[in-house]
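Here's a quick walk through the sheets of this model, plus a few backbone spots that deserve a look. Have the viewer open as you read.

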Amino acid sequence: MLTRRRAVITAVLAVAAGLLVWSATLNAGDEEVALTESAVEAVTPTNGATLVLRQSEVSADLATGWTGVLQIDGVEIPQDQLRQDTGGLNLLSFAPGPGKEIEELDAGTHVATVLIWQEPAETRDDARSVSWRFTVA
């Protein structure tokens, strides 16, 4: 009887541990959805972020040698409104504001997309896209 009880407890603990690992894998996978292209090292706001402010900066940190353009909800941000740090970070970023393509982010879910290509070997015609979602409060 005691051996059977230990076997049941061990099985229950093994199932619980398996569920814990499985759920951790699901949550970690959410962050990686946006970063399917290794040239995109990080995005802001993060994929799945909630309670983002209306004036929050939207950005993509690209690997060295890559360039691109940023779109928010299908609207491409003009180059003159896009801040591109080609130094150490290689960051493409846009902050909504008066007189800009997007003056503020409306409440709700938004999709940001970065179209990227590697210079000088590729052009925009060769661009790949990486998208992520975030929610403005």
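Four strands make an open sheet in the order 1-3-7-6, with antiparallel pairing. Strand 1 (40–44) and strand 6 (83–85) sit at the edges with a single partner strand each, so one side of each has no neighbour in the sheet. Strands here are DSSP runs of E, at least two residues long, numbered from the N terminus, and two of them pair if DSSP finds at least two bridges between them. Strand 1 and strand 3 (residues 58–62) are joined by four bridges; Val40 has Leu62 as its bridge partner.

A word on the source: this is a predicted model, where local features need pLDDT of at least 70, side-chain atom pairs count only at pLDDT 80 or more, and totals for chains, interfaces and linings use all residues. Residues are numbered from 1 along each chain as its sequence is written, and side-chain values use heavy atoms, leaving out hydrogens and water.

There's also an open sheet of five strands, order 2-9-8-4-5, with mixed pairing. Its edge strands are strand 2 (49–52) and strand 5 (75–76). Strand 4 (residues 66–72) and strand 8 (residues 108–118) run antiparallel over seven bridges, with Thr67 opposite Trp117.

Now the loops. Most residues other than glycine have a negative phi, and most peptide bonds are trans.

| Spot | Backbone value | Loop between |
|---|---|---|
| Thr44 to Pro45 | cis, omega near -10° | strand 1 and strand 2 |
| Glu119 to Pro120 | cis, omega near 0° | strand 8 and strand 9 |
| Asp73 | phi about 55° | strand 4 and strand 5 |

Asp73 is partly exposed at 42% relative accessible area, whereas Asn90 is buried at 7%. Buried means under 20%, exposed over 50% and partly exposed in between (1.4 Å probe, protein chains only).
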